[in-house]
Amino acid sequence: MTELTGKPLSEAIRADVAARAALTPSTLAIISASEDESSAWYVRSLARAAEKVGVGCAIDELAPSADEATIAAAVRARSADPEVSGIILQTPLPPGVDQGRLVAEIDPRKDVDGANPLSIGRLAAKQPAFAPATAAAVVRLLDEHRVVMEGANAVVLGRSLVVGLPAGLLLLHRNATVTTCHSRTHDLPARTRGADILVVAIGRAHMVTPEYVTENTVVVDVGTNVDEEGNLVGDVDPSVVSVARALSPVPGGVGPVTTALLLEHTVTAAESLAAVTPRSRR
Ligand code: NAP
């Protein structure tokens, strides 16, 4: 069984980002309006990762009671801010606000986590756009470990706009034959056992067990769940290693690559913005 570790890949991406960030100043803006502890932890770790590679990080901490107009104004301000090259609208958002309307306010050129519906539409149409970083990380991890996507049967468990759906699109663009499964799919194990590549993004700790895979299956576990002891665990049960061809670990698989790609996207956005707008006029 091969372990699809993401750490060496994330380090290589970060080194490349650091070299590029030294030439083109870039800043990632994170807009948050939540007291959620895991969200706050994620924002802090992203800010630390940005600092290490020389990417600036500007955090807008809005009140957890902020209304939609206030959050929209913050998103618009960061979209218009010439110093900012990447924008993330952190979830969860306060109850009652429309996430779809808010992400549509992110300038697509700065939409480094592919949240604006324009980005996913462009991705589907194979036009230039940032893919959601987690979905992009799945494909980068498969490339890193030389897993052939062309012609492979790929099954994606989950169809969210941030992971499952774009991961399926990216696999399709790599000429895999893609099946997307979700909560209404009948007999999941029968579907997933036909997979050469199984991407699991459902948010249910250890739901995927050995009966879901065969010895030919390469499994990418996107899940991040916290168990009763406070440990980070994936959607795939560790016992799957006794059967599957390969499995990405949690933590240490998709997660670090996702963070590295958010930073890569931020520098790429800065380079594109600098190419169209001379710095003196930004
Ligand atoms: P989500 O928005 O809750 O979507 C979950 C998807 O899984 C939905 O499409 C849902 O189906 C499907 N699903 C849920 N229960 C199912 C079941 N019992 N059987 C079959 N399908 C089921 O979650 P998400 O944002 O995509 O995140 C998925 C996981 O990835 C979570 O653990 C999350 O924490 C993790 N994640 C990790 C990273 C990273 O960087 N590593 C980034 C983002 C998310 P329906 O559409 O029918 O409801």
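**Helices, sheets and the words for them**

Guide: Gladly! Let us start with two helices: the axes of helix H6 (residues 133–144) and helix H9 (residues 254–276) come within 8 Å and cross at roughly 115°. Before we go on, this is a predicted model, in which local features need pLDDT of at least 70 and side-chain atom pairs count only at pLDDT 80 or more, while totals for chains, interfaces and linings use all residues. Residues are numbered from 1 along each chain as its sequence is written, and side-chain values use heavy atoms, with hydrogens and water left out.

Visitor: What makes a stretch a helix or a strand here?

Guide: Both are DSSP runs, numbered from the N terminus: helices are H or I with at least four residues, and strands are E with at least two.

Visitor: Why are H6 and H9 called roughly perpendicular?

Guide: Axes are lines fitted to C-alpha atoms, for helices over the stretch in contact, and angles run from 0 to 180 degrees between N-to-C directions. Angles under 35 degrees count as roughly parallel, over 145 as roughly antiparallel, 65 to 115 as roughly perpendicular and the rest as oblique. The axes of H6 and H9 cross at roughly 115°, and the pair is therefore roughly perpendicular.

Visitor: Which hand does the crossing of H6 and H9 have?

Guide: The crossing of H6 and H9 is right-handed. That word applies if the near helix is turned clockwise from the far one by less than a right angle, and left-handed if anticlockwise.

Visitor: Which residues meet where H6 and H9 touch?

Guide: From H6 come Ala133, Thr134, Ala136, Ala137, Arg140 and Leu141, and they meet Val254, Val257, Thr258, Leu261, Leu262, Glu264 and His265 in H9. Contact means heavy atoms within 4.5 Å. By class, the residues of this contact divide into eight nonpolar, three polar and two charged. Here Ala, Val, Leu, Ile, Met, Phe, Trp, Tyr, Cys and Pro count as nonpolar, Asp, Glu, Lys and Arg as charged, and the others, Gly among them, as polar.

Visitor: Why are H2 and H9 called oblique?

Guide: The axes of helix H2 (residues 37–53) and H9 come within 10 Å and cross at roughly 55°. H2 and H9 are therefore oblique to each other. This crossing is right-handed. Tyr42, Leu46, Ala49, Ala50 and Val53 of H2 make the contact with Thr259, Leu262 and Leu263 of H9. In this contact, seven residues are nonpolar, one is polar and none is charged.

Visitor: Why does Ser10 count as buried?

Guide: Buried means under 20% relative accessible area, exposed over 50%, and partly exposed in between, with a 1.4 Å probe and protein chains only. Ser10 has 4% relative accessibility, so it counts as buried. Ser10 lies in helix H1 (residues 7–23) and touches Pro256, Val257 and Ala260, not counting residues up to four places away in sequence.

Visitor: And why is Leu118 called partly exposed?

Guide: Leu118, in helix H5 (residues 117–124), has 45% relative accessibility and therefore counts as partly exposed.

Visitor: How do you know that strands S5 and S7 pair?

Guide: Two strands pair if DSSP finds at least two bridges between them. Four bridges join strand S5 (residues 153–157) to strand S7 (residues 197–200), and these strands run parallel. One example is Val156, whose bridge partner in S7 is Val199. S7 also pairs with strand S8 (residues 218–221) in the parallel sense, over four bridges, and there the partner of Val199 is Val220.

Visitor: What order do the strands of that open sheet follow?

Guide: Six strands form the sheet in the order S1-S11-S8-S7-S5-S6, with parallel pairing. Strand S1 (2–3) and strand S6 (177–181) are the edge strands, since each pairs on one side only. Helix H7 (residues 164–173) packs on this sheet, touching S5, S6 and S7, and its direction makes about 170° with that of S5.

Visitor: What makes S2 largely enclosed by the rest of the structure?

Guide: Six of the six residues of S2 are buried, so S2 is largely enclosed. Thr27, Ala29 and Ile31 point one way, and Leu28, Ile30 and Ser32 point the other way. S2 (residues 27–32) is joined to S3 by six bridges, running parallel; Leu28 stands opposite Cys57 in S3.
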